[in-house]
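Hi everyone, thanks for coming. Let me show you the structure I have been looking at, and then we can walk through it together.

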Amino acid sequence: MPENPTSIDPADLPEAITRYLTGRAAKDASAAAPAFASHATVTDDGHVYEGTEAITRWLGQTDTEYSYSTTLTGAERDAPDRYTVHQHLEGDFPGGTVDLRCRFVLAHGLISELSIAP
């Protein structure tokens, strides 16, 4: 866990994170997937997805499983290659609302790790 995260304007997030967030908001897996490195891992809802194919399948599944809206509520730079994005989701998933922390690790300009948790 970062010791001194710095709040940043979401407009100042690295391009790969912005590409991922934009693709997710549009429910467009083909737009979000290129933000990930070929060796990337995603941890979401207790599952780990490794590599491009698994992450692309995860993106497609989460885009169609539930209807929801996302509001970006904040962003932090935790280290030169680490960022946390805070999001509020509302939709038809169990519970109906959730606040999420998306923790990103970047490598060579792409997302190498993404962990999503309440």
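Let's start with what surrounds the largest pocket: H1, strand E3 (47-50), helix H3 (51-65), E4, E5, strand E6 (97-107) and strand E7 (110-117) each give at least two residues to its lining. Those labels are DSSP runs, numbered from the N terminus, where a helix is H or I with at least four residues and a strand is E with at least two. Before going on, please keep in mind that this is a predicted model, where local features need pLDDT of at least 70, side-chain atom pairs count only at pLDDT 80 or more, and totals for chains, interfaces and linings use all residues. Residues are numbered from 1 along each chain as its sequence is written, and side-chain values use heavy atoms, leaving out hydrogens and water.

Back to the pocket. The volume of the largest pocket is about 710 Å³, and 25 residues line it, with Asp-44, Asp-45, Thr-62, Leu-89 and Leu-100 the closest to its centre. A pocket here is an open set of points on a 1 Å grid over the protein atoms alone, where a 1.4 Å probe fits, with protein on both sides within 12 Å along at least five of seven lines; lining residues have an atom within 4 Å of a point. Points are joined across faces, edges and corners, and the volume is the space filled by probe spheres set on them. What classes of residue make up the lining? There are 16 nonpolar, five polar and four charged residues in it. Nonpolar covers Ala, Val, Leu, Ile, Met, Phe, Trp, Tyr, Cys and Pro, charged covers Asp, Glu, Lys and Arg, and the others, Gly among them, are polar.

Now the strands. E4 (residues 68-79) and strand E5 (residues 82-91) run antiparallel, joined by 10 bridges, and they form a hairpin with two residues between them. Leu-72, for example, has Gln-87 in E5 as its bridge partner. E4 also pairs with strand E1 (residues 6-7), again antiparallel, over two bridges; there, Ser-7 partners Glu-76. Pairing requires at least two DSSP bridges between the strands.

How many salt bridges does a search of the whole structure find? Two, counting a side-chain nitrogen of Lys or Arg within 4 Å of a carboxyl oxygen of Asp or Glu. Glu-15 meets Arg-19, with the closest N and O atoms 2.6 Å apart. These two are four residues apart in helix H1 (residues 15-25), so about one helical turn separates them. The other joins Asp-81 and Arg-82, at 3.7 Å from N to O. Asp-81 is partly exposed at 30% relative accessibility, and Arg-82 is partly exposed at 39%. Buried means under 20% relative accessible area, exposed over 50%, and partly exposed in between (1.4 Å probe, protein chains only).

Finally, the rings. The whole structure has four aromatic pairs, meaning rings of Phe, Tyr and Trp (its six-membered ring) with centres within 6.5 Å; planes under 30 degrees apart are stacked, over 60 edge-to-face and the rest tilted. One of them is Tyr-20 with Phe-36, edge-to-face at 5.6 Å centre to centre and 90 degrees between the planes. Tyr-20 sits in helix H1 and Phe-36 in strand E2 (residues 36-44), so the pair ties together parts 16 residues apart in sequence.
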